[in-house]
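Q: I would like a close look at a single part of this structure, with the terms spelled out as they come up.

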Amino acid sequence: MSAIYLPEQPAAAVTGSVLQSVRAEGRVHGLLFELDIEQCYLNPGDSNIEAVYTFPVPWNAVLLGVEVVLGERVLQGTVVARADGERRYEGALEDGSSAVMVERAGDGMYTVSVGNLLARERAVLRFRYAQLLSFAQGQVRIVVPTVIGPRYGDPARTGMQPHQTVTNDPLQAYPFSLDLVFRGEMAGAAVTSPSHALSARAIDGTLVLSLAGDARLDRDVVVLAEGLEGKSLTTLGRDGDGYVALASFCPPPSGQEPDRPLNLKILVDCSGSMNGDRIDAARRALHDVLAHLEPEDSFSFSCFGSDVRHFSSSLLAATPRAVTKAAGWIAETRSDMGGTELAAALASTFALAQPFEADVLLVTDGDVWEAEELVARAEQAGQRVFAVGIGSAPAAGLLHVLAGRTGGACECVAAHAEIAGAIMRMFRRMRQAPVRDVTVTWDTGPQWQTRAGRLVLAGETVHHFAGFRERPPARATLGWVGQPDGTVHRTDAVTAGVTADGTTLARVAAAARMAGDTPAGRHALALQYALVSPTTSLVLVHERTGAEKPAAMPALHRVAHALPAGWGGAGTATGGIFGSPPGATLRAGRQGPPPAMPAVWRREQTPGMLRVSQNSAAETYDIPAFLRKQVPAVEYAYRDALRHLVEALAPDNTTGATAVPVSLDAISAHLPAHVALELRVLVGEGYAEQDVADAFVVSLARQFGHDSFARRVLDAIRRLADSLRPAPAGLGERVRHIVLEAFNARTGDAPADIPAWLRRAAD
Amino acid sequence: MADAGTGTFTLDALCTLAGLPKRTVRYYIQIGLVDRPEGETRGARYHHRHLEQLLAIRRWTQAGLSLERIRELSTGAGEAPPRQRDRTGSIEIWSHFVVADGVEVKLNPAVAGMSSDQSRQFFAAVMAAYQQITSEDPPA
């Protein structure tokens with residue numbers, strides 16, 4: 001069956017979308033992220049229409065309210081059972097009245113229908129969400145998705161109704177603006193964005209970030225807050241006459257635990273949607289994965305698209321030879337395997353090399369309409385899935401659910417700069433010993449509490465809710481038993497003694513409680529706490545009177561999404577075509593020492609780092625547009641090193657000697673580890689070491705042919721290149737490819753470290 | 001459920017008989033998969049023809065067909081013979097117009113039915129568009 005659902009009537013979708021613009025405003029206080037999104041609709045035509053838009057929200061965000069401004073009137077929605085909501089909505093339309101209905105369309109997606117928007121009428125819809133953020137090893141990642149890309153498969157499999165399906169239109173470009181306000185301790189974080197250029201202002205102890213330039217609804221907005229210390233804390237709120245408590249545990253590192261050897265099944269998405277930036281990012285991520293393997297580990301490598309291809313029938317010990325071989329497989333990875341049969345590929349990978357206990361590392365954009373069935377089968381298989389979501393707008397909902405339910409973890413990478421950190425964090429998680437008997441106890445007996453998770457990781461937040469009838473608790477304790485030694489661990493989260501106002505905490509808690517409840521219980525909670533769920537929807541009706549009432553059924557106007565930046569190789573999201581300069585670090589001042597985290601996580605090496613002075617609260621700082629244009633987004637990672645190598649290779653005019661002999665060993669010392677590794681792969685394939693070294697020097701000399709070296713160096717290096725043996729058939733081209741990749745690699749693309757096995761071999 | 005006198009249905013009755021939600025039935029009508037009713041809003045009446053259309057769509061969607069494919073089947077568009085092309089040994093003349101490094105426009109004027117003057121205008125417009133875009137925001 002055809003994979004991707006394109007617009008059913010492309011011509012209708014190309015021009016004049018009814019969605020005019022989207023504006024968002026977020027507030028981050030502690031680990032609570034509140035987001036207001038304003039969608040502006042206009043009916044430009046002469047007859048009544050129904051606008052339908054399925055839009056993304058942060059994957060675990062809770063929709064708290066919808067307000068509609070229609071002309072002079074402001075209307076509030078109410079949550080009712082889904083069938084009831086549909087009856088009211090359809091009844092209103094049949095009556096000639098206007099109505100708005102918001103339904104859940106899947107994990108991280110809602111559908112809004114604006115029925116009977118009259119000729120030239122404007123409607124503004126305001127959505128209010130709350131999301132709990134988490135520390136993940138020193139950073140908090142805030143994501144505001146703005147676009148849903150084309151996905152493989154049948155959306156009906158996820159329970160989507162026909163009118164909720166998503167269409168994409170490459171010509172659409174909806175304007176988008178976002179302001180984020182960081183309060184409290186979060187205002188002191190070092191903030192970066194791998195996705196957008198930001199401007200920052202420090203106002204009264206808060207940090208206010210705005211998207212700089214003309215942003216569009218074509219990629220996730222990703223903001224990283226770093227340099228914060230993870231804390232365990234219990235937050236209290238009122239829940240009717242009782243209390244609700246949120247315990248956010250952030251277990252400290254337990255110290256001297258030995259790293260656990262890994263059995264890792266690597267599964268890579270090579271479907272057509274990975275074309276372009278994504279497969280490039282996947283290859284970089286996989287090279288990083290190889291670099292983190294230790295000789296005690298074992299691994300397998302598989303690719304999937306319409307079919308799955310296992311490169312080995314069992315797990316291979318991560319010997320230098322096996323890793324070298326795998327580096328060759330990765331280098332050959334292309335997005336040429338067709339569709340995205342994720343369920344079949346996972347099942348086949350789970351079955352690989354049984355009965356050994358192993359984890360699956362899945363690298364994908366997740367662009368597939370899959371749901372409960374896939375996750376349930378993965379859960380049954382009993383193997384942890386660690387997912388790396390790739391791309392400017394990965395389907396994070398599915399990957400988070402898949403990883404969460406199997407006891408694994410999910411990392412998304414929006415840009416090459418995020419890859420090294422994400423893979424490192426993933427390895428830390430995978431190497432931590434598994435835990436059992438995770439429990440949360442309170443000093444006061446709770447009326448109810450959410451189910452404790454299966455995964456406890458040092459430096460990562462675990463949220464846990466509980467309800468109390470009369471007296472609020474003062475302390476919560478997270479306990480778990482480490483394996484295999486059976487050590488009992490505990491960490492406490494005490495309350496700050498303040499009860500938060502409003503019902504937000506109780507409603508977010510209700511959404512969390514729904515996950516572990518029966519279908520009837522979920523429905524009751526959704527109705528009690530006014531939550532839009534698979535069985536409830538939000539509806540509001542604006543009654544029209546007399547001549548205002550339209551006489552005919554409204555014409556349908558579906559809001560088609562733009563294509564995500566860089567999707568399927570349509571342009572690149574990491575270069576200049578779609579990109580605005582991302583990667584600048586913004587900080588509203590900082591008291592005390594620099595963040596205690598590994599250097600590779602800091603963005604200090606990023607050029608154009610911008611700091612906002614907080615010497616005076618009134619002082620503000622906006623990056624001027626001309627400066628933003630001039631600040632290079634990234635710098636070349638290895639070009640200096642390569643220039644030094646070329647200079648060292650140039651024979652001295654007087655003696656004719658070079659500082660470095662042309663041999664693979666000698667030049668490897670001057671090269672980034674993965675470049676040297678790629679050259680050694682060629683030797684492993686049977687090319688003579690000297691030929692590979694010669695071809696590298698020749699190719700490098702050509703690459704620097706237009707560089708601004710001193711004429712002496714350039715002439716000398718050309719003479720050297722001419723004196724070397726011509727490369728055997730095929731080798732020259734492959735080496736040129738390696739040189740080009742190294743020559744053009746940008747800062748942040750570089751693998752974090754020398755591969756572990758290489759270090760060991762050198763030792 | 002049909003009105004005894006006219007043999008017609010209300011939307012509610014039609015949805016019950018077809019086993020589909022009202023929202024979905026209205027959606028099929030809006031996108032033209034199902035004929036519009038007689039009359040509008042509350043006065044709309046549906047016939048057996050509408051019911052048959054809905055039942056057919058339900059059967060086809062359950063069989064895994066996309067709505068676009070169902071539209072082709074129901075309008076007979078799917079039966080059109082495919083255009084014969086790419087015969088082994090055939091020769092096709094394509095113009096490759098290089099706009100810049102990595103940007104190329106391929107045109108077969110015979111198939112596209114464009115005159116040489118139109119082709120020239122088209123390439124000029126492409127070139128101008130490329131220059132305008134890249135001068136505003138040069139590629140990295």
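Predicted model: local features only at pLDDT ≥ 70, side-chain atom pairs only at ≥ 80, totals over all residues.

A: Residues are numbered from 1 along each chain as its sequence is written, with chains lettered from A and ligands numbered from 1 in the order in which they are written.

The open sheet of chain A runs in the order β27-β30-β31-β18-β19-β29-β28, and its pairing is mixed; here strands are DSSP runs of E with at least two residues, helices are runs of H or I with at least four, both numbered from the N terminus, and two strands pair if DSSP finds at least two bridges between them. At the edges lie β27 (435-442) and β28 (448-449) of chain A, each of which pairs on one side only. Within the sheet, β18 (residues 233-239) and β31 (residues 488-500) of chain A pair in the parallel sense over 4 bridges, and Leu233(A) stands opposite Val494(A) in β31(A). In general, strands of a sheet pair through backbone hydrogen bonds, either parallel or antiparallel.

As for confidence, the predictor gives the complex an ipTM of 0.72 and a pTM of 0.74. For chain B, the mean pLDDT (the predictor's confidence in each residue, from 0 to 100) is 83, and 86% of the residues of chain B reach 70 or more. Among the elements of chain B, helix α5 (residues 109-112) has the lowest mean pLDDT, 78, whereas helix α2 (residues 22-30) has the highest, 92.
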